[in-house]
Amino acid sequence: MFMKKWLAVVMSALLVTALAGCGNPDGKKSEESQGTGNQTDKKTYKIAISQIVEHPSLDATREGFLAALKDAGISEGDNLKVDYKNAQGDPTNNLSIAQTIAADKNDLVLAIATPSAQAIVQQVKDKPVLFAAVTDPLDAKVVSNLDKPGGNVSGVSDTNPAAVQKLMDFIAKNFPNVKNVGIVINEGEPNAVVMAKNAEEALSKHNIKLVKAAVTNTSEVKQAAESLVGRADAIFITLDNMVVSGVDTIIQVANKNHIPFFSSDRDTVEKGAFATVGFKYFDHGYQVGQMAVDILKNGKNPGDMKVTMQEKLDLILNLKAAEAQGIKVTDEMKNEVQDKEQNIIQ
């Protein structure tokens, strides 16, 4: 009896095993049981970023760009690979970076600042290209038409001519003793030249002269700023990548000699310039990032996308910088700031 029961149990087990193997003769787990059937086919992207130099505005632009992608589900370390290259202000490095990017496989290329955009546009012809922190895309020959760029290039300009004009008007209105405004400038940078010309024209309406102190590299910025002491009643800088890279030395000169210092970007004001008319470069980068999402996810052609500029402008004041530079900030100055909570820096 025991032997019969034992044989029955063994035969039953063999039968169950045989039946289980019928559906999968090789004995392997099915794809469903391995979990592959539940995996999502997520597209991955590769983007190259060329940036002429490191400084707060350009870095914030890059951060805003990547934030816009992340908000759209394209996240670095997940489904996005970023090849970030910085030329450290060197024209030879800048060209080499553009050539390397052109030879590589990317879904999109971002060029941050005018020199980077010029090199990338010359070298990259078969991939979508976006630019940011370019003051005058037409003068820089990055595009030939703002409304219909054509080709593979578009982007966002980081200026609005009205910003420089409003800042010069602010100086003339609130600093009646200013007769000469000094500018530290790299005249080899097209965007700096364009903005300096706008400033000069705006100041001339108030019978104020623009006094130039030229530089050819960042190491000359401090000496150029010091050369303006005694020649200028205020100092102004444009969106000049070389000059902004050495802006700490201008702040030192301005504070030491009690000279009002005006810049063209918010980040420099946060560092120690007194005032600007501008915007956040993070927001500027975010705007470019939204264009990138449209290209990557919706198949948009950059050449069909209008080049835009910053429309929302506001006066930005740094009260600590004012104290350091011997400036008495009046209620009238503060009242010109629209968003006082964000744009009056304590």
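**Entry 1: the whole protein**

I noted at the outset that this is a predicted model. I looked up the elements and found 15 helices and 13 strands. The protein has 346 residues, and 50% of them count as buried. I then looked up the accessible surface, which comes to about 17300 Å². Carbon and sulfur atoms account for 50% of that surface.

I also checked how far apart in sequence the contacting residues are. Among contacts between residues at least 6 apart in sequence, 72% join residues at least 24 apart.

In soluble globular proteins, nonpolar side chains tend to be buried together. I looked for such groups here. The largest nonpolar core has 86 residues, and F262 and F274 touch the most other members. Another core lies apart from it and holds 25 residues, including V215, I251, A254 and I345.

**Entry 2: helix 4**

I picked helix 4, which runs over residues 91-103. Its 13 residues reach 19 Å from the first C-alpha to the last, close to the expected 18 Å. Which residues of helix 4 are buried? I found N94, I97, A98 and I101. Seen down the helix axis, these buried residues fall within an arc of 100°, so they line one face of helix 4. An α-helix has 3.6 residues a turn, so residues three or four places apart point the same way.

I then looked at what that face meets. The buried residues of helix 4 pack against strand 1 (45-51), strand 2 (80-86), strand 3 (108-112) and helix 5. On the face turned away from the buried side I found the exposed residues T92 and A103. At the start of helix 4, a side-chain oxygen of D90 comes within 2.7 Å of the backbone nitrogen of T92.

**Entry 3: helix 7**

Next I looked up helix 7 (residues 190-204). At 1.5 Å a residue its 15 residues should span 21 Å, and the end C-alpha atoms are 21 Å apart, so the two values agree. The buried residues of helix 7 are N191, A192, V194, M195, A196, N198, A199, A202 and L203. They pack against helix 5, helix 6 (161-174), strand 6 (180-185), strand 7 (209-214) and strand 8 (234-236). I noted that helix 5 is also on the list of packing partners for helix 4.

**Entry 4: K127**

I found K127 in the loop between helix 5 (114-123) and strand 4 (129-134). Is K127 buried or exposed? The relative accessible area of K127 is 8%, and the cut-off for buried is under 20%, so K127 is buried. Leaving aside neighbours within four places in sequence, K127 is in contact with I101, A102, D104, K105, N106 and N152. I101 is one of the buried residues of helix 4. K127 and A102 are 25 residues apart in sequence, and their C-alpha atoms are 8.4 Å apart.

I looked up two threonines. T308 is in strand 11 (residues 308-309). With a relative accessible area of 27%, T308 is partly exposed. Leaving aside neighbours within four places in sequence, T308 is in contact with G155, V156, S157 and Q287. The side chains of T308 and Q287 are joined by a polar contact of 2.9 Å. L146 is 162 residues from T308 along the chain, yet their C-alpha atoms are separated by 7.6 Å.

T268 is in helix 11 (residues 266-271). Its relative accessible area is 1%, and T268 is buried. Not counting residues up to four places away in sequence, T268 touches I237, V244, V247, F261, S263 and A273.

Last, I looked up backbone angles. A133 is not a glycine, but its phi is positive, at about 55°. A133 is in strand 4 and is buried, with a relative accessible area of 3%.

K141 has a positive phi as well, near 60°, and is also a residue other than glycine. K141 is in the loop between strand 4 and strand 5 (153-157). Is K141 buried or exposed? At 69% relative accessibility, K141 counts as exposed.

Note on methods: Residues are numbered from 1 along each chain as its sequence is written. This is a predicted model: local features need pLDDT of at least 70, side-chain atom pairs count only at pLDDT 80 or more; totals for chains, interfaces and linings use all residues. Side-chain values use heavy atoms; hydrogens and water are left out. A nonpolar core is a set of buried Ala, Val, Leu, Ile, Met, Phe, Trp, Tyr and Cys residues joined through side-chain atoms within 4.5 Å. Buried means under 20% relative accessible area, exposed over 50%, partly exposed in between (1.4 Å probe, protein chains only). Helices (H or I, at least four residues) and strands (E, at least two) are DSSP runs, numbered from the N terminus. Contact means heavy atoms within 4.5 Å. Accessible areas come from the Shrake-Rupley method with a 1.4 Å probe; for residues, only the protein chains shown count as cover. The expected span of a helix is 1.5 Å times one less than its number of residues. The arc is that of the directions from the helix axis to the C-beta atoms. A polar contact is a pair of N or O atoms within 3.5 Å; within protein, one must be able to donate a hydrogen and the other to accept it, and residues adjacent in sequence count only if both atoms are side-chain atoms.
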